[in-house]
Amino acid sequence: SKVDKLIDLEIVSPVSFVYQGKVKSVSAPGTNGGFQVLYNHAPFVSSLTIGKVKIVDENGNEKLYSISSGILEVSNNKASIIAESIEVTDEIDIERAKKSLERAIERMKSDDKGIDKDRARLSYERAKNRIKFSGKEK
């Protein structure tokens, strides 16, 4: 029987060991656009931006993660993602995300000079991303 064309993937974040296992593919939001890594992908390193990471595991099951930023490295059919923050989309607390979205919008609109607009915009993007990928935005 032919060897399954699988990649060894691990995903780590500062707070947890998120995933380790063999996968058929991993898609990620590269800073220069989304990309997909399959078996025998050329070695490369990419920085990741806000978006979703999609894994298709060896059994063909899909797993979705919401990521804020990080780095993906591939070589010799081993891939690793070092994420600044990442969460499984079905674990996302939608109410919390909506609250931080509202807070961020208020901060962005505020005339208070003490407010860091860039940081507010970033938390706005993050919250929006969480809500979007939770699939519960209806």
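Tutor: Let us begin with a definition: patches are made of residues with over 30% relative accessible area and no salt bridge, where like charges are joined within 9 Å and nonpolar side chains (Val, Leu, Ile, Met, Phe, Trp, Tyr) within 5 Å. Accessible areas come from the Shrake-Rupley method with a 1.4 Å probe, and a salt bridge is a side-chain nitrogen of Lys or Arg within 4 Å of a carboxyl oxygen of Asp or Glu. The model is predicted, so local features need pLDDT of at least 70 and side-chain atom pairs pLDDT 80 or more, while totals for chains, interfaces and linings use all residues. Residues are numbered from 1 along each chain, and side-chain values use heavy atoms, without hydrogens and water.

Student: Which residues form a nonpolar patch on the surface?

Tutor: Val45, Ile71 and Ile82 do, with about 260 Å² of accessible area together. Ile82 belongs to strand β7; strands are DSSP runs (E, at least two residues) and helices likewise (H or I, at least four).

Student: Is Ile82 buried or partly exposed?

Tutor: Buried means under 20% relative accessible area, exposed over 50%, and partly exposed in between. Ile82 is partly exposed because its relative accessible area is 43%.

Student: Which residues form a negative surface patch?

Tutor: Asp and Glu count as negative, with the charge placed at CG of Asp or CD of Glu. Here the patch consists of Asp93, Glu95, Glu102 and Glu106. Asp93 is in the loop between β7 (78-88) and α1 (94-109).

Note on methods. Buried means under 20% relative accessible area, exposed over 50%, partly exposed in between (1.4 Å probe, protein chains only).
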